[in-house]
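Work through the exercises below with the sequence and the model open. Try each task before reading its solution.

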Amino acid sequence: MKYGLYQALGMLLLVIGAQGAIRQLVDHDNAGLLGWLPGGFAASITVYVLAVVIGAVIAGRAHDARKATGN
């Protein structure tokens with residue numbers, strides 16, 4: 001069950017990051033959840049891309065660990 005929660009958390013980060021990055025690329029003025037972040041476009045797109053990468057890594061490793069344990 002633990003790996004399932006990690007996988008869900010990773011997928012949530014992946015989806016939120018991807019949606020935010022696409023929104024930021026289409027409309028530079030719409031920062032979405034990171035509108036409060038100082039640094040403008042460069043800072044917010046960097047955080048969104050990091051969320052995508054971290055989410056993919058967490059979800060992938062949790063999936064592999066879950067398959068290895070047989071759950």
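**Exercise 1. Overall form**

Task: Find how many helices and strands the protein has, and decide whether the protein is compact or spread out.

Solution: Note that this is a predicted model. The protein has 2 helices and 0 strands. Its radius of gyration is 14 Å. The globule rule gives 11 Å for 71 residues, and 14 Å is well over that, so the protein is more spread out than a compact globule. Next, take the C-alpha trace along its principal axes: it spans about 45 × 20 × 15 Å. Then turn to burial: of the 71 residues, 20% count as buried. The accessible surface comes to about 4800 Å². Carbon and sulfur atoms hold 70% of that surface. Last, look at contacts with a separation of 6 or more: residues 24 or more positions apart account for 64% of them.

**Exercise 2. Helix lengths**

Task: Check the end-to-end span of helix 1 and of helix 2 against the span expected at 1.5 Å a residue.

Solution: Start with helix 1, residues 2-26. It has 25 residues. The expected span is 1.5 Å times one less than the number of residues, so helix 1 should span 36 Å. Its end C-alpha atoms are 36 Å apart, which agrees. Now helix 2, which has 30 residues. It reaches 44 Å from its first C-alpha to its last, close to the expected 44 Å. Beyond its end, helix 2 is followed by Gly-70, whose phi is positive, near 85 degrees.

**Exercise 3. The packed faces**

Task: List the buried residues of helix 1 and of helix 2, and say what they pack against.

Solution: The cut-off for buried is under 20% relative accessible area. In helix 1, Gly-10, Gly-17, Gly-20, Ala-21 and Gln-24 are buried. They pack against helix 2 (40-69). In helix 2, the buried residues are Ser-44, Ile-45, Tyr-48, Ala-51, Gly-55, Ala-59 and Ala-62. These pack against helix 1.

**Exercise 4. Gln-24**

Solution: Now set aside the neighbours within four places in sequence. Gln-24 is then in contact with Asn-30, Ala-31, Phe-41, Ser-44, Ile-45 and Tyr-48. Among these, Ser-44, Ile-45 and Tyr-48 are buried residues of helix 2.

**Exercise 5. A nonpolar surface patch**

Task: Which residues make the nonpolar surface patch, and how does Tyr-6 count by accessibility?

Solution: Tyr-6, Leu-9, Leu-12, Ile-16 and Leu-33 make the patch. Its area is about 490 Å². Tyr-6 lies in helix 1. At 42% relative accessibility, Tyr-6 counts as partly exposed.

Definitions and conventions. Residues are numbered from 1 along each chain as its sequence is written. This is a predicted model: local features need pLDDT of at least 70, side-chain atom pairs count only at pLDDT 80 or more; totals for chains, interfaces and linings use all residues. Side-chain values use heavy atoms; hydrogens and water are left out. Helices (H or I, at least four residues) and strands (E, at least two) are DSSP runs, numbered from the N terminus. Buried means under 20% relative accessible area, exposed over 50%, partly exposed in between (1.4 Å probe, protein chains only). Contact means heavy atoms within 4.5 Å. Patches are made of residues with over 30% relative accessible area and no salt bridge: like charges are joined within 9 Å, nonpolar side chains (Val, Leu, Ile, Met, Phe, Trp, Tyr) within 5 Å. Accessible areas come from the Shrake-Rupley method with a 1.4 Å probe; for residues, only the protein chains shown count as cover. A salt bridge is a side-chain nitrogen of Lys or Arg within 4 Å of a carboxyl oxygen of Asp or Glu. The radius of gyration is taken over C-alpha atoms; the globule rule is 2.2 Å times the number of residues to the power 0.38.
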